[in-house]
Every structure is written in C-alpha cells, then in structure tokens.
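Here is a report on one structure. Please look over the sequence and the model before reading on.

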Amino acid sequence: MPLRTTKKETDQALSLEWALHVRNYQLTLDKNKCVGCQICSLACPKEAVKTTKPTKTQQQKTQKATVDVDLAKCNFCGICDAACPYGAIKLTIDGKHELNVIEKQSFPTLTRDIQADPNKFPKNHKEAEDACPLSLIKITYTLPDGEPTENPTSLTEPDRSWYKTNINIDKDHCTCCTACTTKLPDGAIHVHKFITGKLKINPTKCSDGCTLCLDTCPITGTLYLSHQDNKIHVNEASCIYCGACKLACPVDEALELKRTSINHTPIRSGTWNKALERLTSPTDLTKELKTKGSQKAREAVRKRTMPEDQKDA
Amino acid sequence: MPKKTLKQKPPTSQKPKKPLKTTQPPRIGVFICQCGTNIASVINVQEVTDYAKTLPNVVHAENMNYPCSRQGQQTIKTTIKTQKLNRVIVAGCSPRLYEPTFQTCVSEAQLNPWLFEMANIREFASYCHKTTPKEATEKAKDTIRIAVAKTRLLEPLKPIELPITKKVLIIGGGIAGINAALDLADMNFKVYMVEKTETIGGYMALLDKTFPTLDCSICIEGPKMVDVGRHPNIEIISYADIQKVTGNIGNFNVKIRKNPRYVIAANCTGCGECRDACPIEYPNYADMYLGVRKAISIPFGQAVPLTHTINRDYCIECYKCVDACGARQAIDFDQKPQEITINVGAIILSTGYDMYNPKDLEWTGYGKHQNVFTALEFERLILAAGPTGGKVVRASDGQKPHSVAFIQCVGSRDINHYEYCSSFCCMYTLKHAVMLKEKYREAIEVNVLYNDMRSNFKGYEEFFNRAQKSGVKFTRVKLENRRVTEDPKTNNLTIHAETENEEIVTVHAEMVVLANAAIPTQTSPEIAKILGLQLGKDGFFIECQPKIRPTDTSVPGIFMAGACQGLKDIPYSVAQGSAAAAQVASVLSRDSWSIEPLIAQINEDLCSGCGVCESACSYRAISLQRKGDKSVAKVADGLCRGCGICSSACPMDAVKMPNYSDNQIVAQIQAVTEKKAILK
C-alpha cells in the first residue's frame, strides 16, 4: 500500500494522518478544547498551522478563530501539541502519545508549576472544583482502608477525621491561569503562570457593548463588561496571554497583547528560539538568550533582524 | 542527403588549411557491382557498363562480382594505377554500408578518399523494381550518370581533427553507470559520476535478492559502490543535476548544479550521531515510503557517498544535529546550491528507469485496498534490512498473509498505458514467489496470474521450473477484465480474471502484489533536451542503430548504457555499462578524433551575423560569435552533422557544404533532366 495521507474534519475534531506500512502518525485537534488562540500557529516551525479570524457570517455562530493544519506542510513533529496551553492538539505515533521533539530536547515543555495542599482545601468539594474555570480540578475522598467515598459530610464523626482528600488536577490541560488561587483559601494552591505579558484594551476603539472577546475567553472573569462605560476591561490576574480575545475582536488595535516570557523546561534549541521569537518578540528572545549566555544564538538573532542594507557590513 | 560517418582513421597532425586543388582533367573509373544475384538478376549489368563507358570523362568501366571483396578492391587499386584514374565510382549498394571500405581502398592507391563516389543501384533500382528489369536497368543508368556528373566536380578534402579531453562524465549511478565508471577508471581515465539522488546504487541497491541465483543484491553491488567511492580516478558528484551541456566529442563543457545537503561532505564521517539526535522522521523513498528516516540521515546503510543529508522540507531547525556533530563541524545550514563546470571528452548516459504508480489503474485497487502492494514495495518488505525487518506482513493488521497472489503486466503490455513489455517483471515475480515458498513452505499459498511467462536468458527457464516445483501455482489469464476486490471486514482480496477460453478464474489472497510497469524516468525529456538526444515513442532514449550500435546515441561522443535505452535486467545493464566504457575508451585513448570534412563552412566575409542558420540548425552546432566589430556564425565541428540546412537557409549564401556545393548539385540536377525517362 502506498503512503496514505489523509485529513478529516468533523464538528468535534480535525484529524490528520500519515499511514505508513510500519508507522501511523495522527494529529488530532479537539475543537471543543481549542479556543483559537494562535499559539500553535506561532510555534509551528513549518508554518503548517493557520489560525484565521472568524468571518462576519461565521461570527453569528462562533466567535473564536478557526485552526486549520495544512497536510502538505505538516511534518507531524508535535510542536503544536507541546505548545498548546489548553492541551487541545494531540500527536500520536502508532496510537501512543509520543513527542520526539520533547524527548530529544528540541522543544521544551511548558512549566506547569502547580502545588496543592489538601489540608487547606475547602471541605466542600464542589467549591473546590468550581474554583477552576476549565473544570480541571477533581476532588475525591478515600477512607483509611482505601475505599473511595462520595461525600465525607455524611460520614460518622470518627471516620470523618480520618478520611483523605485527593486532589486530581488535569495538568495536561491546565493553563495555569491562577484563577483558582484567588478562589481557594490562602495557601491551598500555588500556581505559576507559564506565560507572562501584558493585555491592554483601548477604550476608544472598543465598541460599546460588544462582548465577542469576552465570549471567547475560556477563563471566566478575566474579561468583563463594565457597566460604567459599557466597554470591556481586563483583569490580568487570571489572564494567560493566549490571545484568543485578540483574534475574536472585530476591531483592529482595540486589544493590545504582548507576551514577554514563557516559562519552560531548560533547553537549547533553534526551533524553540524561533518559536519564542514569534510568540514574544526578538527583544524578549534576546533577553532569554542572554540569560542562557548563548552568545552564538544571540548573534544569529541580531543578524536576522538587522535591516537588509546593513547585513553585509 | 549528405552522409557523414565517424571513422577511425589514423590521426594526422596538421589541420586542413585550404582545399587541395586538382589540376588534372577528371579521369573517372566506374565499377559496377553484380552483388551476386542481388543486382545482376534484375539489372542488365553489361548494358549498364557499356552505357557508363559512353559518359564524359569516364575512361574505364567494368562490372564485377563483389567489388567490396578483397579481390575486388585489389582490382580497383590496380585499375587506378594502370588507367591513371583520379576519380572512382562504385555502383552498387548503399554508401552507409561500404563507402568507408572503398574510401580506404582508394586512399591505399594514393587517391584522396573524397574523390570517391557511390551510386546506389541496389536499394534504389534492383531491390525496388524487381518486377520491371528493363526500367530498373534504365534507372541504374540514370543513377550512374548523375554520379558521374557530380564526380567530375569533386574536390579532394582532408579530415578534421578534434582534440580530446581525457575525461568522461557518467550521468546516473545505477549498476550500468557503476560498471562503466569502474572500467574506465581502471583504464586510467578520470571519471565524473553525476547522480541525481543522495547515493549511487540505483534500483539494484534497493533489491533484496537477484534472480535466478537468489544472490543478495546489495552484497554484490555494495562492494562495487564502495570501489567507486574510493577509486582515485572517480569523482562522485551526487545530489546534483545536469544543467547544460555544450561542445562536442572530445570536448564537452558540462554545467552541473550541486544541490545543498546542508552537510559538508569532507567533514561528515557518516557516524550517524546527528541522526540519533534528530527528532523528526519522514517517509523514506528508498523504502518505497513504507518506512521512515530522520530529517538528517542517509537513505540506506550502504549509501555511497556516506554523507548525510538534511531534508529542509521536514527539518525544524532545532540544531540538535549541530550539537551532536560537535567538533567535526560538518553541518552547514547556510549551504547554497553550487554550480560547477567540468570538461569531458565523452559522456555515458545511464539514467535508468522509474516505476509506474498503478493507482491510476482502478481495477488493481492499489491505494484503495490496503493489502495491495507493488513489486518494489514487496521487495522492501521481504528485505531483512527493510522497514519490517524482513517480515512479510499485511498493512491492514500487521499479520503474515497465508496466501499471496502476484498479478503480472500491470500497466505494461497495455496499449492504453505502456505498450511494451517491462522485460524483468516475470523474473522478479518468480523470485518473489520462490522466496515466499522457500521461506514459509506449506504455510503459504502462492498464486501467479500471468499472461505470458518470459524467462528467456541463461538459467531463467530453469528458475521457472524451480518455482513450479516449489509449489507456486501458475494460472494463465487474459490481460483484459482483471479486477481485484476487497472484503471490507477481513481486508482479504479476491482477484477476478478470465482464461483465454473465457472461463472465469477467481483467486482469493490475503495479499496481492502487482508487477507494475517500469517506465522512462521523469527527467528523460529534460536530459534529452540538454544533451540533444531523441526519445522514442516509448519514452526511452533512441540508440544510433538498434542492432549493431545499441550503446551509441545520435550524438558522437555520447553513449548510453542500461535501462535508459530500454528496459533490461542487471546482467544486460552491466554488459552495456562495460560496452559503453569500451566505446568511450576508444575515443579517449586517441590524441585526436578525426571526422569527415563534410561539414558546414562559413565564409566570414559574406556572413552578416543574422543568426538564421543558428535557429535552423537542429544539432545546435552553430552559434553567433563576435569577431572584430561584427557577429559571425561559427560551426562547432564535432556537432555539425553536415545536413546542409544552414546552407539552404543562409540569405547571404555564406555557408558552404564541401562536396555538396551548388555547382555539384546543379550538375546532378542537369544530369537527371538532360535525358527524359526512356519510357515516354
């Protein structure tokens, strides 16, 4: 059988496949998890992933941008998978979730620094679970004998002091927005954002009463419509600077997004440097390289960003 | 049409200056050949001889049996002396056959070979007018009269000597090219081998076994590839394309584009550490895309040169390979395509073939049914170093099939696709069938659906018998109405066909292997254009003469070997490689190459530099060159075939064709018209 390359799209997912006799590569985009933030497009080294702003007619149904992967350009490296803050893209090789780019240290993993203290978690599991806007926290309880129990409040007094709270956080899909830290009691959970940056809304450009960005943002409470001026305002405490809002916004320059750094596992890779440059800026890349002391790479960036006429000098 | 043949004359040191002048009045001798009964049974040879004696300037005419024989030639030589002949005509067969013989004969009698003329009274008279001997005799007379008219005006000429660059270019590094290269390098000629892909070896390097001996293919070819790689006289220019070829026999100027590998060949040790560090895989063409290779890698273990290549279509530029390579510093992401120019005296074309993709043939189900394979895919499956480690497994479930069916003539012997027979499919199918049967014995059922079994070389028929004895079932079916269907549940296949007696044949198999046609390479038209060669109707390069000059092309100094000329198996390709090498050696071993002076001569004083001749020339032999303050046409001696088109096209009458001058042709026309056809 010859090499078969296929691309299938449903309402739920977009999937691409390379079916070789001895290997099967599959890249699947979960459309329910994808928010249309463009990070995959910026991270992709082959410019295979395109994020397009919704057109006027599409806006009736959905606000978020759509992601499309070019089968001819995609090389199934899985960088989009590694870069997606929402864990919406998965690469599998022969059915196994395998990322050679991470194993061979060509691309870092985003540092999801999350520490939870079960003792400080609220007793009410619903309250704890609701603290996550993406519903990634699941609380279970077990008795000393290991038996799971549904509702500790129904337990008798002696058992109640012995039960154990298990906090399960779906780290693969966690965006580290830190919304939970403000909703849960002090010290219950520590989260560090993996993207830092700045999101500004220009009130003169923002259309009155338009909530397209707010509807797109998956982290409730980050964007809100102020009743005072009927404009959108941003609460950066829980913003992960993914940029989904910017793509959903129909007005140019109404939203200003700038990512400055990305927290990741230590790495030395040209692919990452270029991805970082696109995700942040050449200046921010230089900053990171400076910290790493990588003179050679810094020089390469300088050359590349230099105006054409000065290059020969 | 003027004729021009390359002849091997002893080289003479001086170049012709001015045409030699003959001052004496013409004394023509006419020798009329009986050619056994070929001529004499139709034409009244004596009547023609008597007629020839009456023609002006003819001082001697006689007829004889076989002037081409040793005795006949001796008679001609003696008569030249005794009759003081200064022009000789032989009326007999086509000049293509015996003109060189007679030219040598007259020159041995101290007569300039271009003062000899042939009148063809065999093909043009006795052969084509067998039933009308009287008219044939008259036509023979006419032909001789015309020849005499021209011969009177013939001028003595001197051969043209071309210098020889003692280097050869071989285009294509398959088994034919490899063999030619080694032969020539061992004869101490410098060999450049240009290969389009990353490694030499061609298709043979991808095969598991060779028929009919079942020798391991790469075990035979590998050492030869290595020999080519390290021979001091051979320079491999791989991953490169031929851009332009100018010049002629003895001195071709070849422009080559070396594509960037992004790896510095001199620094790469082939250790493979970069490959281990690389995170990216992509489908490997050398595995027929059944398996994968890294973005920096070699296509297969025995590749020559053992230089890695980065495929920038897939590379993500993480530079992990750069780190892995370390101090060797072999990786250079800034590498650009490089143009180089080489000078060679001769060229061997050995560009091989391509495989037809049968997905256009819907009846085969190829590309649709998972367990339908092409023969080369099967070859990679059964190969121990292949992507499955030699396990023949199905694509649908990874299981070993219990039955395999081979379908012959897929795309070939089909007037809608490729009319010709691909020549080696029968034998490789027998090889595959025997390998399967000998490996799995009773555990596998092997069926071959064929139309004609072509096993016509040494040991091949015996191999067919071996296949039959090993339990392979052969069913002869018609090429029409064959169809492969799939059971969607089990992915098993059924082949429907008909016998010659229109009986229905149904064969069930868990795997189907197609003997798909081998076809001309995709690049053939481009290469043909660059080298000025012609492709046949079938798309393969045309040889100069299919029977006796199979490795010559129409361009002097360019030879060919292997499947680019027509499909052939390994031993035949190897033999042609050596044959072409011997021909190249016969050119390169000379100090100069002598060609007949019957080529265009430009009178630069008359030439206006208009360029009409340049565009009229089909051999790209004329180019405009600056001379002082004007452009003049210049003829490349080795390329001009003496066809005379430029001469007729020239508005200034500046092109002269030696011994086909206007007054000679006019004299011939006058000779035709002076006596009307006798029958009127």
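**Confidence.** This is a predicted model. For the complex, the predictor gives an ipTM of 0.87 and a pTM of 0.82. The average pLDDT of chain B is 93. At least 70 is reached by 96% of its residues. Residues 1–19 of chain B are another matter: pLDDT stays under 50 there. For this stretch the model has 35 contacts beyond four places in sequence.

**Overall build.** Chain B has 680 residues, and 47% of them are buried. It holds 17 helices and 34 strands. Along the principal axes, its C-alpha atoms fill a box of roughly 90 × 70 × 40 Å. Take the contacts in chain B between residues at least 6 apart in sequence: 71% of these join residues at least 24 apart.

**Domains.** The domain assignment of chain B reads as follows.

| Domain of chain B | Residues |
|---|---|
| Domain 1 | 28–160 |
| Domain 2 | 165–259 + 337–352 + 533–589 |
| Domain 3 | 260–336 |
| Domain 4 | 355–519 |
| Domain 5 | 599–657 |

**Domain 2 against domain 3.** In chain B, the centres of domain 2 and domain 3 are 26 Å apart, taken over C-alpha atoms. The contact involves 18 residues of domain 2 of chain B and twelve residues of domain 3 of chain B. Which helix gives the most to the domain 2 side? Helix H7 of chain B (residues 217–230) does, with six residues. By type, the domain 2 side that touches domain 3 in chain B has ten nonpolar residues, seven polar and one charged.

Methods:
Residues numbered from 1 in each chain as written. Chains lettered and ligands numbered in written order. Predicted model: local features only at pLDDT ≥ 70, side-chain atom pairs only at ≥ 80, totals over all residues. Domains from an automatic or database assignment. Contact = placed C-beta atoms within 7 Å. Helix = DSSP H or I, 4+ residues; strand = E, 2+ residues; numbered from the N terminus. Nonpolar A, V, L, I, M, F, W, Y, C, P; charged D, E, K, R; others polar. pLDDT = per-residue confidence, 0-100. Buried ≥ 20, exposed ≤ 12 C-beta atoms within 10 Å, placed from the backbone.
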